[in-house]
Amino acid sequence: MDTKYGHHLREHFLLDSRLVFLNHGSFGACPKVVLKAQSEWREGLERDPVDFMLHRLPGALRSQAEELGEMLGAKGKDIAFVENATTGVNAVMRGLRLEPGDQLLTLNHVYPAVDNTLKFLAERNGCEIVRADIPMPVTCSDQIVDAVVEKITPKTKIAVLDHITSFSALVTPMAELVRACHARGVPVLVDGAHAPGMLDLDLESIGADYYVGNCHKWLWAPKGCAFLYVAPKNQSDMHPTVISNMEAEGFPFNFDWTGTKDPSAWLSLGAALAFHRSLGDREVAKYNHNLVIEGSNMLAEELSVELVAPPSMTGSIRAVRLPNTETARGEDAAALHGYLAKEHNIEVLVHAHDGVWLRVSAQVYN
């Protein structure tokens with residue numbers, strides 16, 4: 001392993017020194033230098049709130065969007081800031097003109113908050129949720145493409161697909177999925193909550209109609225910093241879930257202002273990107289990938305379980321399905337999580353879904 005990274009980098013974070021932190025993927029961990037930048041933005045706001053909100057903020061947000069776009073392979077004008085990926089998904093889905101009988105296509109490993117959004121809309125509009133079943137274990141990306149294509153029908157209104165599944169930690173072949181859906185006339189909303197900072201993204205090449213991603217996970221921004229990318233052809237009918245003063249300005253400006261709030265998480269993104277570059281930029285994800293492969297292989301060997309995906313479909317998180325847990329429920333997963341946290345100071349994601357999954361994250365401080 002590269003000695004540039006490792007436990008000595010914990011000094012850059014506020015993580016409790018007693019904690020074995022193997023769950024960066026859930027909420028991230030913000031570096032001290034980024035928190036300092038956020039504090040400075042807040043102080044700047046409070047020194048002259050009116051001038052800041054009316055005059056400094058609009059240009060500052062667009063500048064941050066441009067810098068983020070350079071990293072993500074997109075133009076800043078095609079990016080709006082949102083509080084989290086779930087907010088972005090809701091903005092897209094609740095803005096669609098849905099009709100009874102429309103089908104909403106997703107994966108059977110969909111994130112619970114996104115699933116709840118689809119259920120809400122399906123019930124309200126008389127739509128049907130269709131789930132493409134990912135075969136487990138999965139051995140190649142074609143299996144995921146085939147599973148999605150098999151479920152597309154003339155009634156498919158939109159496909160809502162994970163770039164990296166949450167509890168099973170699969171990196172899906174998103175560019176191929178988008179091409180397959182578009183070839184059949186189906187638009188695609190990508191839930192890329194984990195992707196920024198974990199994968200080498202080029203949003204324009206991926207070609208999705210909509211793409212949401214969190215910056216507070218693998219890009220080290222403060223909590224509440226996420227983005228929504230919208231392809232130009234879809235922007236004229238794109239609205240935030242909260243309609244406010246800038247609605248007539250259209251995308252992305254109608255997202256930049258949805259009422260008075262603390263914008264410091266978005267404005268601190270530049271500091272997070274600078275910290276990311278200072279630690280090696282793409283080398284960070286390479287280290288995390290290699291470490292999580294090594295660690296998960298050790299874990300699978302000790303538990304005598306089969307890993308569900310090959311390294312080529314793994315990023316900086318990897319999951320193992322624990323043996324003999326087929327009938328386990330959510331409270332069983334919660335009990336195991338509580339035991340590891342309270343008895344051993346180990347913070348790791350434990351999730352029940354057709355068995356109990358243990359998902360480990362690797363970050364530069366591990």
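Modeller: Quick definition before we start: helices here are DSSP runs of H or I with at least four residues, strands are E runs of at least two, and both are numbered from the N terminus. Counted that way, the chain has 13 helices and twelve strands. Keep in mind that this is a predicted model.

Along its principal axes, the C-alpha trace spans about 60 × 55 × 35 Å. Buried residues account for 54% of the chain. If you take contacts between residues at least 6 apart in sequence, 70% of them join residues at least 24 apart.

Now for α11 itself, which covers residues 269-278. Its buried residues are L269, G270, A272, L273, F275 and H276. What do they pack against? The partners are α2, α3, β2 (79-82), α10 (264-267) and α12. Just after the helix, G280 takes a positive phi of about 115°.

Zoom in on H276, which belongs to α11. Its relative accessibility is 2%, and the cut-off for buried is under 20%, so H276 counts as buried. Leaving out neighbours within four places in sequence, H276 touches M71, G197, W218, L219, W220, D281 and V284.

One of those contacts, W220, leads on to the aromatics. W220 forms one aromatic cluster with F13, F21, F275 and Y365, and F275 is also one of the buried residues of α11.

Across the model the count comes to eleven aromatic pairs. One of them is Y5 with Y287, a tilted pair at 4.9 Å centre to centre and 40° between the planes. Y5 lies in the segment before β1 (20-21) and Y287 in α12 (residues 282-303), so this pair ties together parts 282 residues apart in sequence. Both tyrosines, Y5 and Y287, are buried.

Another pair is W41 with F52, edge-to-face at 6.2 Å centre to centre and 75° between the planes. W41 sits in α2 (residues 32-47) and F52 in α3 (residues 49-72), so here the parts tied together are eleven residues apart in sequence. Remember that α2 and α3 are among the elements that the buried residues of α11 pack against.

Last stop is α12, another of the packing partners of α11. Is E302, which lies in that helix, buried or exposed? E302 is exposed, at 67% relative accessible area. For a sense of distance, E302 and R94 are 45 Å apart in space, C-alpha to C-alpha, and 208 residues apart in sequence.

Definitions and conventions: Residues are numbered from 1 along each chain as its sequence is written. This is a predicted model: local features need pLDDT of at least 70, side-chain atom pairs count only at pLDDT 80 or more; totals for chains, interfaces and linings use all residues. Side-chain values use heavy atoms; hydrogens and water are left out. Buried means under 20% relative accessible area, exposed over 50%, partly exposed in between (1.4 Å probe, protein chains only). Contact means heavy atoms within 4.5 Å. Rings of Phe, Tyr and Trp (its six-membered ring) pair if their centres lie within 6.5 Å; planes under 30 degrees apart count as stacked, over 60 as edge-to-face and the rest as tilted.
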